[in-house]
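Here is a friendly briefing to read with the model open beside you. Take a look at the structure first, and then follow the topics below in any order you like.

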Amino acid sequence: MFQSDYNLEEIPFDFNFCNTYGDVSYMFQGCNKLKKIGKLINFYPTNMRYMFSESRALRELPEFENLNMSRAQSTSVRMGNMFCFCYSLRSIPEDLLKQLWGTQTSSTYPFLYGAFVDCYALDEIRGLMPKTGTITSNMFANTFQLCHRVKEIIFATNDDGTPLSVNWK
């Protein structure tokens, strides 16, 4: 929709996807000056690859209101390289990470492949959900490559505050 709009600095309005699902890959890719995006409402994506990639000035992601990743359970939503080269991005909303993690259906495909490559300003990753079951891949292949400022990667917690854990081999 806005791919490679090099002069776009702000999208002041909200996007209401009206509970429809679709491919939003490359939607904001290459918007080098983009700093602010309105809410993404009733969002049911099927493909989110490169969605924010190369949005170099984007410091924070838009609010996702009523994000629903249920479609992903049957379509293997792709999210690889979703935030790569977002040099100014400071954090990823915990609720978004929890939703994204729930879409992992393959034991062999690293669903966050390259997701945060070259996110130089990213300070922490909070809310990753440990996946249970048989995992045969490196689920974080190239995920945090060249994220020099990341000090902590924090997995999600149970309601009582104790860390979720799984026994990976």
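Leaving out neighbours within four places in sequence, Phe83 is in contact (heavy atoms within 4.5 Å) with Phe52, Leu61, Leu89, Ile92, Leu96, Ala115, Phe116, Val117 and Cys119. This is a predicted model, in which local features need pLDDT of at least 70 and side-chain atom pairs count only at pLDDT 80 or more, while totals for chains, interfaces and linings use all residues. Residues are numbered from 1 along each chain as its sequence is written, and side-chain values use heavy atoms, with hydrogens and water left out.

**The core around Phe83**

- Phe83 is one of the residues that touch the most other members of the largest nonpolar core, together with Phe15, Phe28, Met51, Phe52, Ile92 and Phe116; this core holds 38 residues.
- A nonpolar core here is a set of buried Ala, Val, Leu, Ile, Met, Phe, Trp, Tyr and Cys residues joined through side-chain atoms within 4.5 Å.
- Two or more residues of this core come from each of the elements α2 (94-101) and β8.

**The chain as a whole**

- The protein chain has two helices and nine strands; helices (H or I, at least four residues) and strands (E, at least two) are DSSP runs, numbered from the N terminus.
- Along the sequence, the pattern reads β-β-β-β-β-β-β-α-α-β-β.
- Of the 169 residues in the protein chain, 43% are buried; buried means under 20% relative accessible area, exposed over 50%, and partly exposed in between (1.4 Å probe, protein chains only).
- Among contacts with a separation of 6 or more, 75% join residues 24 or more positions apart.

**A three-stranded sheet**

- Three strands make an open sheet with parallel pairing, in the order β2-β5-β7; two strands pair if DSSP finds at least two bridges between them.
- At the edges are β2 (15-16) and β7, each of which pairs on one side only.
- Strand β5 (residues 40-41) pairs with β7 over two bridges, in the parallel sense, and Ile41 stands opposite Glu65 in β7.

**Salt bridges**

- The whole structure contains four salt bridges, each being a side-chain nitrogen of Lys or Arg within 4 Å of a carboxyl oxygen of Asp or Glu.
- Glu65 pairs with Lys39, with 3.1 Å between the closest N and O atoms. Because Glu65 lies in strand β7 and Lys39 in the loop between β4 (36-37) and β5, the pair ties together parts that are 26 residues apart in sequence.
- Arg90 and Asp123 meet through their side chains at 2.8 Å, N to O.
- Shared partners join Arg90, Asp123 and Arg149 into one network.
- Asp123 is partly exposed at 22% relative accessible area, as is Arg149 at 35%.

- Asn66 sits in the loop between β7 (64-65) and α1 (72-75) and is partly exposed, with a relative accessible area of 42%.
- The side chains of Asn66 and Asn42 make a polar contact (2.5 Å); such a contact is a pair of N or O atoms within 3.5 Å, where within protein one must be able to donate a hydrogen and the other to accept it, and residues adjacent in sequence count only if both atoms are side-chain atoms.
- Ser53, in the loop between β6 (44-47) and β7, is buried, with a relative accessible area of 1%.
- A polar atom of the Ser53 side chain lies 3.4 Å from the backbone oxygen of Cys84.

**Positive phi angles**

- Most residues other than glycine have a negative phi.
- Phe85, which is not a glycine, has a positive phi of about 65°, and its place is the loop between α1 and α2.
- Ser4, in the segment before β1 (10-11), has a positive phi near 60°.
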